[in-house]
Amino acid sequence: MKKGFYAKRWVLGVLIVCMTACTGNSSSGEKTGEQQSNCKNKKEMAYSKKYTNADFYKDGKFDEEAGMNAFKDMFEFYDVPFTPLMEKEMWVTDFGLGDFEHVGMGGIFWVNDEVHSYFAHAIYLLPNQMIPEHAHVKTAFAPKFESWMVTKGWAYNFSEIGEETPDAPALPASHGPVKSKNFVVQQVGEVIHLKKEESFHFLLAGPEGAIVDEWASYHDNDGLRFSNPDAAL
């Protein structure tokens with residue numbers, strides 16, 4: 001009887017230790033020095049840039065596996081599970097511009113339903129990485145209308161609609177000029193909508209990278225237009 005009782009108490013003790021490891025609630029209500037240090041480090045550390053084009057290109061050709069590994073590293077920092085679906089469906093691209101360090105993205109289409117006209121997309125951006133400026137125009141389908149919410153890191157959200165915003169961040173020279181001069185800094189949890197159908201827009205990640213949820217009407221790739229004629233998806 002006593003053996004079973006003490007075994008249960010031992011299991012309960014282990015659970016309590018595990019639960020308080022990151023909250024740091026000791027019996028006295030205070031965090032130990034080690035707990036404070038570990039939890040403070042986890043909360044205060046920011047993800048930062050680790051890779052350059054030297055990692056992403058072999059003999060001048062974009063190495064998609066290297067790009068994928070860079071995103072996996074960011075996912076690990078942000079505690080984002082790399083699921084079997086992501087393993088199968090996630091893609092990375094440099095848009096043919098040869099500068100993945102600065103212009104590129106990773107992504108996955110969770111759903112793109114032509115019949116019911118709805119779309120869900122995860123956008124993955126490495127630190128300071130830019131999606132090329134683009135618009136979605138009408139085809140046999142209505143022009144795609146979209147909304148975005150940052151879930152990790154933060155991003156500059158640019159639009160061609162509105163007055164030019166001062167103190168803009170430097171944009172990659174490899175992209176070329178942009179039409180979108182109005183921007184806001186989009187933080188975690190903030191939802192921003194496309195300002196006008198068929199308007200040009202783009203995202204630029206901050207130095208911590210960005211993971212962004214996007215919801216939209218049906219995405220017809222034939223309606224995608226880049227302001228840089230050399231960019232392609």
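A polar contact is a pair of N or O atoms within 3.5 Å; within protein, one atom must be able to donate a hydrogen and the other to accept it, and residues adjacent in sequence count only if both atoms are side-chain atoms. The views below come from a predicted model, in which local features need pLDDT of at least 70 and side-chain atom pairs count only at pLDDT 80 or more, while totals for chains, interfaces and linings use all residues. Residues are numbered from 1 along each chain as its sequence is written, and side-chain values use heavy atoms, with hydrogens and water left out.

**View 1. Ser217 in the loop between β10 and β11.** The side chain of Ser217 reaches the backbone nitrogen of Phe145 at 2.9 Å. Leaving aside neighbours within four places in sequence, Ser217 is in contact (heavy atoms within 4.5 Å) with Ser117, Tyr118, Phe119, Pro143, Lys144 and Phe145. Helices (H or I, at least four residues) and strands (E, at least two) are DSSP runs, numbered from the N terminus.

**View 2. His201 in strand β10.** His201 counts as buried because its relative accessibility is 4%; buried means under 20% relative accessible area, exposed over 50%, and partly exposed in between, with a 1.4 Å probe and protein chains only. The side chain of His201 makes a polar contact with the side chain of Glu146, at 2.8 Å. Not counting residues up to four places away in sequence, His201 touches Pro132, Glu133, His134, Ala135, His136, Glu146, Trp148, Phe158, Ser159, Ser180 and Leu194. One of these, Phe158, is 43 residues from His201 in sequence and 5.4 Å from it in space, C-alpha to C-alpha.

**View 3. His175 in the loop between β7 (146–159) and β8 (182–186).** With a relative accessible area of 2%, His175 is buried. Residues up to four places away in sequence aside, His175 touches Val103, Met130, Pro132, Glu133, Ser227 and Asn228.

**View 4. Val137 in the loop between β6 and β7.** Val137 has a relative accessible area of 22% and is therefore partly exposed. Apart from neighbours within four places in sequence, Val137 is in contact with Pro143, Glu198, Gly223 and Arg225. Val137 and Phe200 are 63 residues apart in sequence and 9.9 Å apart in space, C-alpha to C-alpha.

**View 5. Strand β7 and its pairing partners β8, β9 and β10.** Two strands pair if DSSP finds at least two bridges between them. β7 and β10 pair in the antiparallel sense over 12 bridges, with Trp148 opposite Glu214 in β10. β7 also pairs antiparallel with β9 (residues 191–193), over 3 bridges; there, Val191 is the bridge partner of Met149. Between β7 and β8, which run antiparallel, there are 5 bridges, and Ala155 has Gln186 of β8 as its bridge partner. β7 is mostly covered, since 11 of its 14 residues are buried.

**View 6. Helix α4 (residues 64–77) and its packing.** The 14 residues of α4 reach 20 Å from the first C-alpha to the last, close to the 20 Å expected at 1.5 Å a residue; the expected span is 1.5 Å times one less than the number of residues. At the start of α4, a side-chain oxygen of Asp63 reaches to within 3.1 Å of the backbone nitrogen of Glu65. After the helix comes Asp79, whose phi is positive, near 60°. Buried in α4 are Ala66, Gly67, Met68, Ala70, Phe71, Asp73, Met74 and Phe75. An α-helix has 3.6 residues a turn, so residues three or four places apart point the same way. The buried residues of α4 pack against α3 (53–56), α5 (84–89), β3 (91–93), β4 (105–113), β5 (118–125) and β10 (201–216).

**View 7. The largest cavity, with a volume of about 220 Å³.** Of the 21 residues that line this cavity, the closest to its centre are Met105, His121, Ile131, His134 and His136. The elements giving two or more residues to the lining are β4, β5, β6 (134–136), β7, β10 and β11 (224–226). β10 gives the largest share, 4 residues. A search of the whole structure finds 3 cavities of 30 Å³ or more. A cavity is a set of points, on a 1 Å grid over the protein atoms alone, where a 1.4 Å probe fits but cannot get out, and lining residues have an atom within 4 Å of a point. Grid points are joined across faces, edges and corners, and a volume is the space filled by probe spheres set on the points.

Technical notes:
On a 1 Å grid over the protein atoms alone, a cavity is a set of points where a 1.4 Å probe fits but cannot get out, and a pocket is an open set with protein on both sides within 12 Å along at least five of seven lines; lining residues have an atom within 4 Å of a point.
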